[in-house]
Amino acid sequence: MSTTTTPRRIAVVGSGVAGLTAAYVASRPANGTHVTLLEADDRLGGHADTHDVTDPTGRALRIDSGFIVHNRRTYPVLLRLFAELGVPTQESEMSMSISDEATGLEWAGALGRRGVFPSGTGNHRNPAYLRMLREVPRFHRRARRLLEAATDPAADPTTLAAFLDEGRFSPYFRRHFMEPLVAAVWSCDPDTALDYPAAYLFAFLSHHGMLQVFGSPPWRTVTGGSRTYVDAVAAALRGSGAEIRTGAPVVSVKETTGGVEVRTAAGLEEYDAVVIATHPEQAIALLAEPTSAQREVLGALPYSPNTALLHTDERLMPGATDTHASWNFRRPAADRAGVLVTYDMTRLQRLPTGTRYLVTLGGEDLVDPATVIARREYAHPLYTPSSVAAQRRLPELDSDRLAFAGAYHGWGFHEDGARSGLKAAERLGLLWGGPVAPANVVRDEVAATSYRTTLVHQRREPIANRFEHRTRLWVVDLDRVDAHGRAPGGRGRFLGRDHFDGDTDSVREGLDRFLAAHDLDLRGGRALMAAHSRAFGQCFNPITVHWCWKDRDGRGRPAATVVEVHNTYGGRHSYLLDTDEHGRAVVDKALYVSPFHGTDGHYEVIAPPPDPTTGRLRLAVGLRTDDGARFDAGLTGEPAPAPLLPLASLRGAALIRAHGIALWLRRLPVQPRPADERSLQEGSIR
Ligand SMILES: Cc1cc2nc3c(=O)[nH]c(=O)nc-3n(C[C@H](O)[C@H](O)[C@H](O)COP(=O)(O)OP(=O)(O)OC[C@H]3O[C@@H](n4cnc5c(N)ncnc54)[C@H](O)[C@@H]3O)c2cc1C
């Protein structure tokens, strides 16, 4: 007798990034579903919107007018989708200009000195402007402080205006820096920009490295325009048996006791579960019987409409060519509502053409109609203290059969849409499955990954004692550290002088030399290091772990694992571990590390490389001395956004000394330091 199960019928309403991600996750084979994607428009993608354009020389181009850039640090869900679908991406160039017709100021950030002091503008003689430049780093510092103090940035109702008042920022700074930045990033009216909640905004800016002059992650575009990835999702959906209907606006959605009724022009359809991935006011209009929470929360999340024009009218670019940037904010002299920003798509997408293709938001009255190639109506979420408060209530709206998604669940960006689509699918019990971070993505793009870690020190003999601390660590691809010790994605520097014998320029050289001394040649293979970076002239790493593979792919068990130990007296020793498949090894102790232990005994080490699927890190070192004393140290960690300041090394050095004093006060017997540590034998491998 054979049994067949009916697939769970899932409908996804809306095919922006939120709906596409939800549909993609829902249609994974392990979920046993049949997915129907319903889109009102006659194309898929929502704000992912690419136009076919032929330039004057006859060259075919694909130009975006909606979603443009992402990066490999703060778009993990989108990247996972791209990686699984093999979506090609390429480097972009992010810079921003600000032109104010009333005051005549034109300047640009991220274009170097010429953007700040463009020739012919006289900016260098403008005292208000020079003061504003000094206010920028002060603003970054104060914003970071506000964030550090806020336990929950989304719950802090302080507006940007109140924040700037308190810091006595000049009106010039507000007009020529703050308002343009917020208006351009969130496509909102500059006159309402200062009503945005400060901490919520700063959390976004900080996350994207924008609360500092340097440190923003490199930005990228999808090669061939964002339609490339939309088509790839659609192909994957069709491949898994999903049904895709465009030109199919959903009219109503009603949750019943047994499922969800969806009405379209084709009639009434029954589903087991539905994801509504439209904008909030569209979602509320769809709900046949909205609950009071759905009405209150969705009704408190406003969007503002914007017309986008794809055109070639270069008059929308700033007057001073030195300030021509990828994003160009302009404030016209005439009083008008809404944002006016022009994206240089030729520059952003690195289009192979001599024509400058531009997308202008809010410039209908300014762009020469003869140059317009396409016109679109988009809408962006507006953030106010009350909309941010409503956003926090969004999880209340979902049930086991109905879940909501859309970029409005986060900061309004593509990653927010993708993340919300994943969450909505998960809420309905549908899982993505498979590896979380395909190794090639992490490997290709991020050379230094920040880890949030917990460190535990425990001793049982001769006295019982336990310390536990939250700390930070980097896992660094040593071949992607540049000549100055910098690694993409990292903060601080990773220098040869801070590792091994300290006499090589790069850490990799020091490591290769150490391995060569043990008859190992792993040059050309992958080498990862877990360590603190050098920052503020300080670098102290009590323990550094290096994992080395024979090839660049670096999969599976490392060919060598090296643990470097540094003591606070300036002594160093490196142990080559003979690890088993779990990363376990035993090695004789060879360096006087703490005043409470001699150099007798051995270490039991567990040091596997970071988990290739989850990225998690787990290290453990147990010291067993000849007199029976036991000391255990363990570190667990997972990838996390980088801290604002790389202080872990400084803090670690201070804590070690504080621990020493605390243990000494508890009369833990002190072991004399050997007269000449350097005469000790190198740790042998067991
Ligand atoms: C000009 C512009 C530039 C941007 N640049 C960037 C950028 O560089 N980087 C970045 O990260 N983000 C950017 N964004 C923001 C980001 O692209 C969007 O926030 C995100 O794509 C929104 O995704 P979404 O799925 O929430 O909504 P949308 O993409 O708006 O999708 C909603 C979909 O629902 C459909 N729909 C609505 N009602 C119904 C119905 N009744 N039945 C069926 N379907 C319905 C709509 O037709 C639409 O396709 C930009 C946005 C714009 C407009």
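1. Helix H1 gives the largest share of the shell around the ligand, namely three residues, where helices (H or I, at least four residues) and strands (E, at least two) are DSSP runs numbered from the N terminus. This is a predicted model, in which local features need pLDDT of at least 70 and side-chain atom pairs count only at pLDDT 80 or more, while totals for chains, interfaces and linings use all residues. Residues are numbered from 1 along each chain as its sequence is written.

2. Around the ligand there are 34 residues, and those that come nearest are Gly14, Gly16, Gly46, His47 and His414; a residue is near a molecule or strand if its C-beta atom, placed from the backbone, lies within 6 Å of it. Two or more residues of this shell are given by each of helix H1 (17-26), helix H9 (280-286) and helix H13 (414-427). By class, the shell has 18 nonpolar, 14 polar and two charged residues, with Ala, Val, Leu, Ile, Met, Phe, Trp, Tyr, Cys and Pro counted as nonpolar, Asp, Glu, Lys and Arg as charged, and the others, Gly among them, as polar.

3. The chain is divided into domain 1 (8-87 + 221-301 + 388-427), domain 2 (96-219 + 304-381) and domain 3 (442-679), with bounds that come from an automatic or database domain assignment. Because domain 1 and domain 2 both give residues to the shell around the ligand, the ligand lies between them.

4. The C-alpha centres of domain 1 and domain 2 lie 29 Å apart, and 27 residues of domain 1 are in contact with 29 residues of domain 2, contact being counted if the C-beta atoms, placed from the backbone, lie within 7 Å. On the side of domain 1 that touches domain 2, strand E3 (50-54) and strand E4 (60-64) each supply at least two residues, and the largest share, three residues, comes from E4.

5. An open sheet is formed by five strands in the order E10-E2-E1-E14-E20, with parallel pairing; two strands pair if DSSP finds at least two bridges between them. Its edge strands, each pairing on one side only, are strand E10 (243-245) and strand E20 (402-404). Strand E1 (residues 8-13) pairs with E14 in the parallel sense over four bridges, and Ala11 has Val274 in E14 as its bridge partner.

6. Asp272 is found in the loop between strand E13 (267-271) and strand E14 (273-276). Leaving aside residues up to four places away in sequence, Asp272 touches Arg8, Arg9, Ile10, Gly259 and Arg401.

Key: Two residues are in contact if their C-beta atoms, placed from the backbone, lie within 7 Å.
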